[in-house]
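Okay, thanks everyone, let's get going.

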Amino acid sequence: MGDPHPRSHLQAAAWVPDDNPERPWDEAAGLATDWIWERSETEGVEPLLVTNTLQNAWGIERLEEIIRAGGQATPQSKKRFDRGPVLAYVPDERTLNLALDLARGYSIAVVETVSFPLAEWAAGVGAVNLLDGSASAGNLSDVVIADLDHAVFFGGNNGWTGSHEKTHARNHLVRHVQAGLLTPEQAASYVMAVGVSGRGATRLRRLLEKVG
């Protein structure tokens, strides 16, 4: 395998945007599974499915194929899994954090749900859009990104647990939320692309939801 992405530590990344309410979930899952099986063959490790709960994969045959091959992990799992290529199916912040940890040094495919938009994460890690094969581009301005980076530098390592870190994040980001230039979900997605934990991303999202 080649050198992983310097920021995400992934060999490769791909995603299926949830941009069409008429698209069947098994179709989105099929796009992601086709890609992760190709990466699995290249990387020489069976793929692993990561979901919010065990029930999320029920009834989707393509996902069940991955479970039979490599297993299924959730944030509640007690079983420990080795790292390898991962398919993360409709994850929230906590589940994506687990998936990224398990995929470190390998590849990841993510099926998005509108409840946790991932465009900024996808742009940050260079994920391929599996709907059309294009490189993913974020929707945030350079000014918003600069302020997000400031917030991450000041409080991202601690996940904005301290009062000064929270105040700093508010001072840099609230005006963008109020102006409609940044959503709390976009902020969470972006910071996870630059190494913030799932808990930290959730804490930032909730902080900004209070002032949006």
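So, aromatic pairs: the count for this predicted model comes to one. That pair is Trp25 with Tyr89, and because the ring centres sit 6.1 Å apart with the planes at 80°, it goes down as edge-to-face. The cut-off for edge-to-face is over 60 degrees, so that's how the label comes about.

Where do the two partners sit? Trp25 belongs to helix α1, residues 25–43, while Tyr89 belongs to strand β4, residues 86–89, so the pair ties together parts that lie 64 residues apart in sequence. Their surroundings are worth a look too. Tyr89 is buried, at 4% relative accessible area, whereas Trp25 is partly exposed, at 38%.

Let's stay with α1 for a moment. What does α1 come within 9 Å of, axis to axis? That's helix α2, residues 61–70, and the two axes cross at roughly 35°. On the α1 side, the contact is made by Ala29, Gly30, Thr33, Asp34, Ile36 and Trp37. From α2 you get Arg62, Leu63, Glu65, Ile66 and Ala69. If you sort the residues of that contact by type, they divide into six nonpolar, two polar and three charged.

Now keep an eye on Asp34, Arg62 and Glu65, because those come back: the three are linked in a network of salt bridges.

How many salt bridges does the structure hold? Nine. I'll pick out two others. Asp19 forms one with Arg23, with the closest N and O atoms 2.9 Å apart. Here Asp19 is exposed, with a relative accessible area of 52%, but Arg23 is buried, with 17%.

The other one is Arg205 with Glu209, where the closest N and O atoms are 3.0 Å apart. These two are in helix α8, residues 198–209, and since they are four residues apart, about one helical turn separates them. Arg205 is buried, at 15% relative accessible area, and Glu209 is partly exposed, at 39%.

Last stop, the strands. Take β1, residues 12–16: four of its five residues are buried, so this strand is largely enclosed by the rest of the structure. And what does β1 pair with? There's strand β5, residues 107–111, which runs parallel to β1 and is joined to it by five bridges. Then there's strand β6, residues 128–129, also parallel to β1, with two bridges joining them.

Notes
Residues numbered from 1 in each chain as written. Predicted model: local features only at pLDDT ≥ 70, side-chain atom pairs only at ≥ 80, totals over all residues. Heavy atoms only, no water. Phe/Tyr/Trp six-rings, centres within 6.5 Å; stacked < 30°, edge-to-face > 60°. Buried < 20%, exposed > 50% of the residue type's maximum accessible area, 1.4 Å probe, protein only. Pairing = 2+ DSSP bridges. Axes fitted to C-alpha atoms, helices over the stretch in contact; angles between N-to-C directions. Contact = heavy atoms within 4.5 Å. Nonpolar A, V, L, I, M, F, W, Y, C, P; charged D, E, K, R; others polar. Salt bridge = Lys/Arg side-chain N within 4 Å of Asp/Glu carboxyl O.
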